[in-house]
Amino acid sequence: MLSMSRNFEAARIDFGPDIQEGCTLVSDRYWAPDAMLARGMISEALYAAAKRLRDDYYAGQAGRLGAREAFARASRAVGTTAMPALAWTVLSHGTVTGWAECKGIEVAKAAGQVVQALERLGAHYERV
């Protein structure tokens with residue numbers, strides 16, 4: 001029989017550097033999808049998908065059951081490898097540059113990951 005560790009701290013996932021005051025990785029005023037839409041990196045449909053995901057997430061956090069379920073379905077559709085990029089940029093107001101720094105990759109590659117995740121999200125919302 002396998003023994004399960006009760007040391008949850010050891011199983012903690014490290015998403016990168018801790019956010020500090022004045023850090024350029026996240027911003028209260030900046031939202032990555034706004035900048036990406038303004039630069040022509042994403043379409044209006046992908047922007048709408050990002051807004052819908054964010055709205056469902058916050059409504060679910062406020063206790064709205066339907067929103068919580070909608071967010072969970074969208075997260076599963078995006079997938080476990082792509083969802084962290086959306087969690088960082090869409091839900092946590094993180095910057096694409098911050099995502100790149102966190103993952104140790106080029107900014108262009110990080111932007112591509114965010115766009116790809118938004119495309120998966122947009123395809124999910126088209127089906128539902």
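This is a predicted model: local features need pLDDT of at least 70, side-chain atom pairs count only at pLDDT 80 or more; totals for chains, interfaces and linings use all residues.
Author: A helix, as the word is used here, is a DSSP run of H or I that holds at least four residues, and helices are numbered from the N terminus.

Reader: How many helices and how many strands does the protein chain have?

Author: The protein chain has six helices and zero strands, so that, read from the N terminus on, its elements run α-α-α-α-α-α. Of its 128 residues, 38% are buried, and its accessible surface comes to about 8300 Å², with 52% of that belonging to carbon and sulfur atoms. As for contacts between residues at least 6 apart in sequence, 62% join residues at least 24 apart.

Reader: Is α4 largely enclosed by the rest of the structure or open?

Author: The reasoning rests on a cut-off, since a residue counts as buried when its relative accessible area is under 20%. Seven of the nine residues of α4 are buried, and α4 is therefore largely enclosed by the rest of the structure. These buried residues are Met83, Ala85, Leu86, Trp88, Thr89, Val90 and Leu91, and what covers them includes α1, α2, α3, α5 and α6.

Reader: Which residues of α6 are buried, and what do they pack against?

Author: The buried residues of α6 are Ala110, Ala111, Val114, Val115, Ala117, Leu118, Leu121, Gly122, His124 and Tyr125, and they pack against α1 (32-38), α2 (44-61), α3 (65-78), α4 (83-91) and α5 (96-103). His124 is in this helix, and with a relative accessible area of 7% it is buried. Leaving aside neighbours within four places in sequence, His124 is in contact with Arg73, Ala74 and Ala77. Under the same exclusion, Leu121 is in contact with Ala49, Ala50, Leu53, Ala74, Val78 and Leu86.

Reader: Which residues have the most contacts inside the largest nonpolar core?

Author: That core has 31 residues, and those with the most contacts inside it are Leu53, Leu86, Val90, Leu118 and Leu121. Each of α1, α2, α3, α4, α5 and α6 supplies at least two residues of the core, and the largest share, eight residues, comes from α6.

Reader: How many aromatic pairs does the structure hold, and what describes such a pair?

Author: A pair of aromatic rings is described by the distance of the centres and the angle of the planes. The structure holds four such pairs. In one of them, the rings of Tyr57 and Tyr58 have their centres 5.1 Å apart and their planes at 75 degrees, so this pair is edge-to-face. Tyr57, at 25% relative accessibility, counts as partly exposed, and Tyr58 is also partly exposed, with a relative accessible area of 41%. In another pair, Trp88 and Trp99 have ring centres 6.0 Å apart and planes at 50 degrees, so this pair is tilted. The pair links distant parts of the chain, with Trp88 in helix α4 and Trp99 in helix α5, eleven residues apart. Trp88 is buried, with a relative accessible area of 11%, and Trp99 is buried as well, at 4%.

Reader: Which residues do ring pairs link into a cluster?

Author: Ring pairs link Tyr57, Tyr58 and Phe71 into a cluster.

Reader: Which ring does Arg54 lie over, and what else does Arg54 touch?

Author: Arg54, whose place is in helix α2, lies over the face of Trp31, at 4.2 Å from the ring centre. Not counting residues up to four places away in sequence, Arg54 touches Trp31, Val90 and Leu91. The C-alpha atoms of Arg54 and Val90 are separated by 6.5 Å, although these residues are 36 residues apart along the chain.

Notes
Residues are numbered from 1 along each chain as its sequence is written. Side-chain values use heavy atoms; hydrogens and water are left out. Buried means under 20% relative accessible area, exposed over 50%, partly exposed in between (1.4 Å probe, protein chains only). Contact means heavy atoms within 4.5 Å. Rings of Phe, Tyr and Trp (its six-membered ring) pair if their centres lie within 6.5 Å; planes under 30 degrees apart count as stacked, over 60 as edge-to-face and the rest as tilted. A charge sits over a ring if NZ of Lys or CZ of Arg is within 6 Å of the ring centre and within 35 degrees of the ring normal. Accessible areas come from the Shrake-Rupley method with a 1.4 Å probe; for residues, only the protein chains shown count as cover. A nonpolar core is a set of buried Ala, Val, Leu, Ile, Met, Phe, Trp, Tyr and Cys residues joined through side-chain atoms within 4.5 Å.
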